[in-house]
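This report goes through one protein model, from its overall make-up to a few selected sites. Please keep the sequence and the coordinates at hand while reading.

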Amino acid sequence: MPEIRPPDARVDDPGLRHFTRDFAAMGTRFSVTCVGGDQSLLEAAEDFTHRLEAKWTRFDESSELMCINNHPNEPVLVSPDTICLVREMVRGWKLTGHLFNPNVLAELLDLGFAASQVDADRVTHWSQRVRSSKSMHDVRIDEAAGTVSVPRGVGLDAGGIGKGLAADMLAQQVLAGGALGVSVFASGEVRVAGTPPIGDQWRIGVEHPEEDDALIDTLEIVDGGVATSGTAGWVSHGGHHLVDPRTGRSADTATIQATVVAGLCVDAEIIVKACMLLTPDGAVALAGRLGAEALVVDRDLVAHMTDGWEDLCS
């Protein structure tokens with residue numbers, strides 16, 4: 001799985017007082033750093049992430065997301081966090097002209113991704129699966145009542161958007177708790193905000209799609225979200241996990257990796273998933289049109305980028 005990670009510090013200066021906490025959640029490793037504040041902020045961040053995972057996982061029939069999927073045509077009472085998740089799913093679907101599509105649970109199961117990649121005993125049980133022409137257009141959110149309803153045949157998967165939204169929520173929570181700055185790394189997603197421990201910008205390394213321990217670029221960002229996606233990583237007998245909703249199969253374009261920088265991590269995640277379904281030039285054009293910056297790598301390892309990408313790099 002392509003990742004975004006903090007590169008080694010440029011100097012020996014220990015910088016401002018800061019703490020880091022690493023933990024497993026949502027099928028990946030989270031690393032949360034707070035500048036200022038204390039360890040209790042990170043303990044609360046880890047607890048909050050696990051609570052989000054319990055609500056959004058597809059590997060537990062009792063999660064709020066699977067209750068929605070398994071009770072079609074019914075308004076299901078869910079938490080404000082899940083209301084926010086589904087609202088972002090619908091917004092992303094509209095924003096990208098339906099390229100970003102969380103209604104891919106059936107395709108993921110068909111491709112062989114029923115079980116969790118970290119615990120094979122945890123398996124998706126979608127009891128109400130049927131063929132349907134319904135789409136995200138037919139998802140109903142009643143914020144006043146706190147309910148979500150999907151039509152029969154629509155199966156929502158939180159996937160990357162869940163991690164991206166969680167990163168944004170965690171950053172907001174840590175800053176609200178009194179930290180001066182925060183970074184949240186969750187494999188391919190990262191959110192930075194506030195004061196970094198060293199210097200005046202956060203440094204984020206974008207891993208090379210084929211060379212281990214190599215960076216293809218290093219970003220310097222004051223505040224924003226970054227998401228990287230690629231065809232390497234979680235694979236099965238049916239292909240890789242990036243589903244093209246137009247075909248129902250693993251995405252097959254000349255794009256093998258994309259990194260997007262946006263104001264929020266959830267926006268970066270929405271746009272990067274859409275980019276992976278397009279040619280490199282098409283992906284760059286889409287990101288630019290949506291106000292984001294992008295670096296897209298093709299099968300020949302040629303990099304394509306938006307006009308403002310280099311301004312973000314060291």
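## Overall make-up

The protein, given here as a predicted model, contains seven helices and 18 strands. Of its 314 residues, 55% count as buried, and the protein exposes about 13,500 Å², of which carbon and sulfur atoms supply 47%. When contacts between residues at least 6 apart in sequence are considered, 65% of them join residues that are at least 24 apart.

Thr49 has its place in helix H1, which spans residues 39–56. With a relative accessible area of 0%, Thr49 falls under the 20% limit and therefore counts as buried. Leaving aside residues up to four places away in sequence, Thr49 touches Phe23, Ala25, Met26, Phe30 and Leu170.

A pair of aromatic rings is described by the distance of the centres and the angle of the planes. The count of aromatic pairs comes to one, and this pair is formed by Phe23 and Phe30, whose rings are stacked at 5.4 Å centre to centre with 5° between the planes. Phe23 is buried at a relative accessible area of 3%, and Phe30 is likewise buried, at 1%.

Strand S11, made up of residues 224–230, is mostly covered, since seven of its seven residues are buried. In a regular strand the side chains alternate between the two faces of the sheet. Both faces of S11 are covered: Gly224, Val226, Thr228 and Gly230 are buried on one side, and Gly225, Ala227 and Ser229 are buried on the other.

S11 pairs with strand S8 (residues 189–194) in the antiparallel sense over four bridges, and within this pairing Val190 stands opposite Val226. Strand S16 (residues 255–262) also runs antiparallel to S11, to which it is joined by six bridges; here the bridge partner of Gly225 is Ala262.

## The open sheet S4-S6-S5

An open sheet of three strands has the order S4-S6-S5, with antiparallel pairing. Strand S4 (76–77) and strand S5 (140–142) each have a single partner strand and stand at the edges, so one side of each is left without a neighbour in the sheet. Between S4 and strand S6 (residues 147–149), the antiparallel pairing extends over two bridges, and Leu77 stands opposite Thr147 in S6. Helix H3 (residues 80–95) packs on the sheet, where it touches S5 and S6, and its direction makes about 140° with that of S5.

The C-alpha atom of Arg129 is separated by 5.6 Å from that of Gly153, although the two residues are 24 residues apart along the chain.

Note on methods: Residues are numbered from 1 along each chain as its sequence is written. This is a predicted model: local features need pLDDT of at least 70, side-chain atom pairs count only at pLDDT 80 or more; totals for chains, interfaces and linings use all residues. Side-chain values use heavy atoms; hydrogens and water are left out. Buried means under 20% relative accessible area, exposed over 50%, partly exposed in between (1.4 Å probe, protein chains only). Contact means heavy atoms within 4.5 Å. Accessible areas come from the Shrake-Rupley method with a 1.4 Å probe; for residues, only the protein chains shown count as cover. Two strands pair if DSSP finds at least two bridges between them. Rings of Phe, Tyr and Trp (its six-membered ring) pair if their centres lie within 6.5 Å; planes under 30 degrees apart count as stacked, over 60 as edge-to-face and the rest as tilted. Axes are lines fitted to C-alpha atoms, for helices over the stretch in contact, and angles run from 0 to 180 degrees between N-to-C directions.
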